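Student: I have a new model on my screen and would like to learn how to read it. Could you walk me through it?

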Amino acid sequence: MYQINVSVNNNRAFWIYALSKIVEQRIKAFCGICAVANVHGKVSLAVACEFDKKDALDSVVRDGIVELMETVGKMCYIDGKLGYLKINKSTYRLLLHTLVAFDRECERQLMYDSIKINDSISLDGIYNFRLSELKNRWDEICTLITGNAAFLHDELTLNELLRFLVSAIDPKIMKLELSRQGDEFLLTGTHNDCDFKLVTKGGDNLLLYLIDLAPIELEISGELADNKLYCRLVEIFDAKVKNQSKNFVTNR
């Protein structure tokens, strides 16, 4: 059997559990197995497969670590820099999520170049020593935010900033249609010639999904009954109203 062990200190144990969820389903495709253990102050993920599938396992583990670092690792770093900002929790969550998604495609390649696969990998080592170039980039965007922190309390200015950040996110889908069904929001579209459908509750969750998807076009069907949400959809994603006959009052 070919085996890779990935470990992290206990204070970041959730990183291992997140990585386990990322790789577990992927290695099943070639009969790989994985297990999490907590020993001597460290949490470890062991993944293994037959030797003839070594390259496949290396690829899955590397992809998983990159995905972990570009989301969870980046979020932890930026949160450590901006967590003191005195803005409401919902706004901060939206800002943090947008900053994590910002420039992700370019950063992904830098992470691939930084992460090497061997039989024993320390996530702490990768995060602390191999991501210096990326951390410099994250510091720059954090400096931009802190330098303009006073403007984050103004809804229009905040939305303009979020619009700028979202514009640097590579779109995962060309066009989405948004509608409200009871207390749920429905997003529909087409992706890679397949129907796309996503249902979520709450305007905040909807915005987080839209940031991840970064659609080129967003069309609103029907009324949303939330003027603040409508304004954010227009000002951040340039949303248009389908068959516009009724609209929201956009003055504040």
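This is a predicted model: local features need pLDDT of at least 70, side-chain atom pairs count only at pLDDT 80 or more; totals for chains, interfaces and linings use all residues.

Student: What is the order of the strands in the open sheet?

Tutor: First the general idea: strands of a sheet pair through backbone hydrogen bonds, either parallel or antiparallel. Here, an open sheet of 4 strands has the order 2-3-1-4, and its pairing is mixed.

Student: Which strands stand at the edges?

Tutor: Strand 2 (33–39) and strand 4 (120–122) do; each has a single partner strand, so one side of each lacks a neighbour in the sheet. On average, neighbouring strands of this sheet are turned by 20° against each other, direction ignored.

Student: In which sense do strand 1 and strand 4 pair?

Tutor: Strand 1 (residues 2–9) pairs with strand 4 in the parallel sense, over 3 bridges. To find the pairing on screen, look for Ser7, whose bridge partner in strand 4 is Ser122.

Student: Which strands does helix 1 touch?

Tutor: Helix 1 (residues 13–27) packs on the sheet and touches strand 1, strand 2 and strand 3 (42–49). The direction of helix 1 makes about 10° with that of strand 3.

Student: Which residues have the most contacts inside the largest nonpolar core?

Tutor: Leu123 and Leu233 do, in a core of 78 residues. Helix 2 (residues 54–82) gives the largest share of this core, 10 residues. Leaving aside residues up to four places away in sequence, Leu233 touches several residues, among them Leu178, Leu207, Ile220 and Asp238.

Note on methods:
Residues are numbered from 1 along each chain as its sequence is written. Side-chain values use heavy atoms; hydrogens and water are left out. A nonpolar core is a set of buried Ala, Val, Leu, Ile, Met, Phe, Trp, Tyr and Cys residues joined through side-chain atoms within 4.5 Å. Buried means under 20% relative accessible area, exposed over 50%, partly exposed in between (1.4 Å probe, protein chains only). Helices (H or I, at least four residues) and strands (E, at least two) are DSSP runs, numbered from the N terminus. Contact means heavy atoms within 4.5 Å. Two strands pair if DSSP finds at least two bridges between them. Axes are lines fitted to C-alpha atoms, for helices over the stretch in contact, and angles run from 0 to 180 degrees between N-to-C directions.
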